Amino acid sequence: MMVLRRFEMHQPSNVAEAVQMMSHFGEDASLYAGGTELLLAMKHDVLRYKHLIDVKVIPGLDSIELNDGTIRIGAAATHRSIERSSLLKSRLPVFTDMESLVANVRVRNTGTVGGNLCFAEPHSDPATLLLVLGASVAAEGPQGRREIPMDDFFTGSYQTCLERNELLTGIQIPVGSSNWRTAYVKFQIHERPMLGLALALETMDGGETFRSARVAIGCVSPCARRAAAAEDLLTGGRRDIERNLPLAAEALADAAELIDDQQGSAEYKRHLIQVFLRRAFLRAAGPQ
């Protein structure tokens with residue numbers, strides 16, 4: 001029987017106090033939001049902390065709002081609150097659709113988007129989609145506030161570029177342009193995604209041609225990745241892109257640094273990328 005080791009829970013009143021607590025307790029402390037992954041790791045004795053700092057109680061850290069063409073999602077917003085947000089359903093439906101498929105309702109009611117990103121578990125739906133949305137994250141630490149592009153946030157499996165005493169406070173997603181078409185597709189067995197693929201295409205003529213593309217693959221490698229070579233092959237006329245899809249899928253698989261694991265071989269994952277990139281393109285590009 002697995003039992004959690006004893007720990008003390010702290011509830012800061014604001015972000016600055018949370019940062020101070022992290023500095024004070026050092027390696028013995030971790031930030032706590034939903035705890036769906038953290039507590040499980042602690043229960044298995046993979047991680048050990050004497051102090052947990054509950055950031056869910058910080059006022060405003062769970063807000064979802066639109067300001068000057070940018071949607072800001074607080075780091076403590078739960079997957080369920082994002083899924084049910086009327087603002088996001090109207091302005092960024094691909095994000096609410098993705099969130100509705102995360103794990104199960106119990107996890108979505110408890111788990112937070114900030115916790116998901118900071119834990120940097122390779123099988124993350126939000127991480128993959130945010131890479132193609134032009135998103136960034138805001139972090140606050142002893143040296144102040146900084147904004148980090150999603151392309152720079154993940155550095156490896158369970159690793160981010162956050163400093164030890166930095167706190168992720170929110171996510172910013174620009175939604176000003178209506179020329180982008182976005183799709184997120186996934187493949188999973190039970191509640192664990194085996195592949196997540198996000199695609200965003202920019203069109204100025206109703207889908208006849210696409211002048212810019214962003215594509216990311218997740219859950220098949222140490223962390224979600226974009227692929228510039230694949231994106232180049234996904235621009236131009238629609239028919240040309242459809243002919244290039246197999247080459248784009250190969251480029252995406254190469255950039256991902258596929259690994260063999262209990263989810264399947266690298267060769268099998270390469271096949272899945274071929275299948276799901278085509279599905280994502282047809283969904284994002286829309287009817288001919």
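Rings of Phe, Tyr and Trp (its six-membered ring) count as a pair if their centres lie within 6.5 Å. By this rule, the predicted model has 4 aromatic pairs.

**Aromatic pairs**
- Phe119 and Tyr158 form an edge-to-face pair, because their planes stand at 90°, and planes over 60 degrees apart count as edge-to-face. The ring centres of Phe119 and Tyr158 are 5.8 Å apart.
- Tyr158 is partly exposed, with a relative accessibility of 46%.
- Phe153 and Phe154 are also edge-to-face, since their planes are at 80°; their ring centres lie 5.0 Å apart.
- Phe153 is buried at 0% relative accessibility, and Phe154 is buried at 13%.

**Charges over rings**
- Arg214 places its charged end over the ring of Trp180, 4.2 Å from the ring centre.
- The charged end of Arg279 sits over the ring of Phe276, at 4.6 Å from its centre.

**Cavity**
- Across the whole structure, a search finds 1 cavity of 30 Å³ or more. The largest cavity has a volume of about 50 Å³.
- Phe154, buried at 13% relative accessibility, is one of the residues lining the largest cavity. The lining also includes Ala120, Glu121, Pro122, Ser124, Ala127, Pro222, Cys223 and Ala224.
- By class, this lining consists of 7 nonpolar, 1 polar and 1 charged residues.

Terms used. Residues are numbered from 1 along each chain as its sequence is written. This is a predicted model: local features need pLDDT of at least 70, side-chain atom pairs count only at pLDDT 80 or more; totals for chains, interfaces and linings use all residues. Side-chain values use heavy atoms; hydrogens and water are left out. Rings of Phe, Tyr and Trp (its six-membered ring) pair if their centres lie within 6.5 Å; planes under 30 degrees apart count as stacked, over 60 as edge-to-face and the rest as tilted. Buried means under 20% relative accessible area, exposed over 50%, partly exposed in between (1.4 Å probe, protein chains only). A charge sits over a ring if NZ of Lys or CZ of Arg is within 6 Å of the ring centre and within 35 degrees of the ring normal. On a 1 Å grid over the protein atoms alone, a cavity is a set of points where a 1.4 Å probe fits but cannot get out, and a pocket is an open set with protein on both sides within 12 Å along at least five of seven lines; lining residues have an atom within 4 Å of a point. Grid points are joined across faces, edges and corners, and a volume is the space filled by probe spheres set on the points. Ala, Val, Leu, Ile, Met, Phe, Trp, Tyr, Cys and Pro count as nonpolar, Asp, Glu, Lys and Arg as charged, and the others, Gly among them, as polar.
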